[in-house]
There are 2 protein chains.
Amino acid sequence: MVERIIAAARTSFAHNGWAGTTMRAIAREVDVDPALVHYYFASKEDLLDAATMPPAEWLEVISRTSSVPARGRGEAMVRNLIWSWNQPAIRDALSSILMTAAHEPRTREKLKAFLTASLLPAIADRIEGEERILRASLTASQVVGVVMMRWVWEIEPLASLPEDELVALVAPTIQRYLTGRLG
Amino acid sequence: MVERIIAAARTSFAHNGWAGTTMRAIAREVDVDPALVHYYFASKEDLLDAATMPPAEWLEVISRTSSVPARGRGEAMVRNLIWSWNQPAIRDALSSILMTAAHEPRTREKLKAFLTASLLPAIADRIEGEERILRASLTASQVVGVVMMRWVWEIEPLASLPEDELVALVAPTIQRYLTGRLG
């Protein structure tokens, strides 16, 4: 039940924003009494926090990429990205975070903290040298751009590009950022 | 006066969102009678449309990049991007569009139309071959990611990276997307 409430909250925050989301409407969406939503989440802030928690499954996928041999890590990163966005639960959670972070300072600060404390170190895991966090942030910049263009804004031709073509086009960029010569 | 109203609206839509923006608050911000704001903009929708109009100056900068000889276009693109974000008027307008598009379907549709009808063709200008729009969209994916990481979310180390280093790191990616071998 908590999962269904969180899923409905993700959709609502992403599409209707903070102001357009009410705990009453979420309760109606999942067909429960509003008191039950309040039982699990004391406030709309708590519900937002739960809805914009990066999925643990996704961080695990990123971490698995680091165990791929160095020369195949660019391709593995793009394939894992595509796999993640094909999972409805991960896609909805990440979309909701990106869309909510744009206009909710609280979510934006959380996204910054997540990127800095969890995502960049996970990408940089087993990358050599003192530029490892810079390499991870360049990788993130390409990943974020593909996510926005292909999945969030759905801009053609990237939105409908076959998955293997996306890998072939973007993996060399990620590979250079992760292990290649910089600058 | 109209310019000052639009500038205040940009800031408010970007930071407070659609629901948190009122024409009355904009009038107070620029210290005019609300009736004057209503004189120029019949509705909040009209004000949003004006506030999220991509700056003409910025499209001109993109177009100028296309006249740079092919082998220097990656570097020119990144330098022009940095130049643009150093102009307060352009930066505020683009930030406002990105932040508002995340939660306002009307602005998101406008952003999609702008990318598809204006920005991608401007990037693809004087690029050879039938993959020119694909090349432009890959370029846009890297540009959008840098914009989000460095300027919108301000994630380190990208946020404070010296401009010349950003050029040296990202220009080769853009150069490959624009003129290199794909896939």
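This note goes through a predicted model of two chains, from the fold of one chain to the way the copies meet.

1. On reading the model. Residues are numbered from 1 along each chain as its sequence is written, while chains are lettered from A and ligands numbered from 1 in the order in which they are written. Because the model is predicted, local features need pLDDT of at least 70 and side-chain atom pairs count only at pLDDT 80 or more, whereas totals for chains, interfaces and linings use all residues.

2. On the fold of chain A. The secondary structure of chain A comes to 10 helices and 0 strands, where helices (H or I, at least four residues) and strands (E, at least two) are DSSP runs numbered from the N terminus. The C-alpha trace of chain A spans about 55 × 35 × 25 Å along its principal axes. Of its 183 residues, 43% count as buried; a residue is buried if 20 or more other C-beta atoms lie within 10 Å of its own, exposed if 12 or fewer, and partly exposed in between, with C-beta atoms placed from the backbone.

3. On the domains of chain A. Chain A is divided into domain 1 (2-51) and domain 2 (56-179), with bounds that come from an automatic or database domain assignment. The centres of the two domains, taken over C-alpha atoms, are separated by 27 Å, and the contact between them takes 9 residues from domain 1 and 9 residues from domain 2; two residues are in contact if their C-beta atoms, placed from the backbone, lie within 7 Å. On the side of domain 1 that touches domain 2, helix 1 (2-16) and helix 4 (44-51) each supply at least two residues, and helix 1 gives the most, with 5 residues.

4. On the symmetry. A rotation of 180° with 0.0 Å of shift along its axis superposes chain A on chain B, with an RMSD of 0.0 Å, which is the relation of a two-fold axis. The superposition is by least squares on the C-alpha atoms of residues with pLDDT of at least 70 in both copies. Of the residues of chain A, A:Gly145 comes closest to the rotation axis, at 1.9 Å for its C-alpha.

5. On the interface between the chains. The contact takes 36 residues from chain A and 36 residues from chain B, and the largest share of the chain A side, 13 residues, comes from helix 9. That side divides into 22 nonpolar, 10 polar and 4 charged residues, where Ala, Val, Leu, Ile, Met, Phe, Trp, Tyr, Cys and Pro count as nonpolar, Asp, Glu, Lys and Arg as charged, and the others, Gly among them, as polar. Since 100% of the interface residues of chain A are also interface residues in chain B, the copies meet through the same surface.

6. On one residue of chain B. B:Ala101 lies in helix 7 (residues 88-101) of chain B and is buried, with 24 other C-beta atoms within 10 Å. Apart from its neighbours within four places in sequence, B:Ala101 is in contact with B:Thr107, B:Arg108 and B:Leu111.
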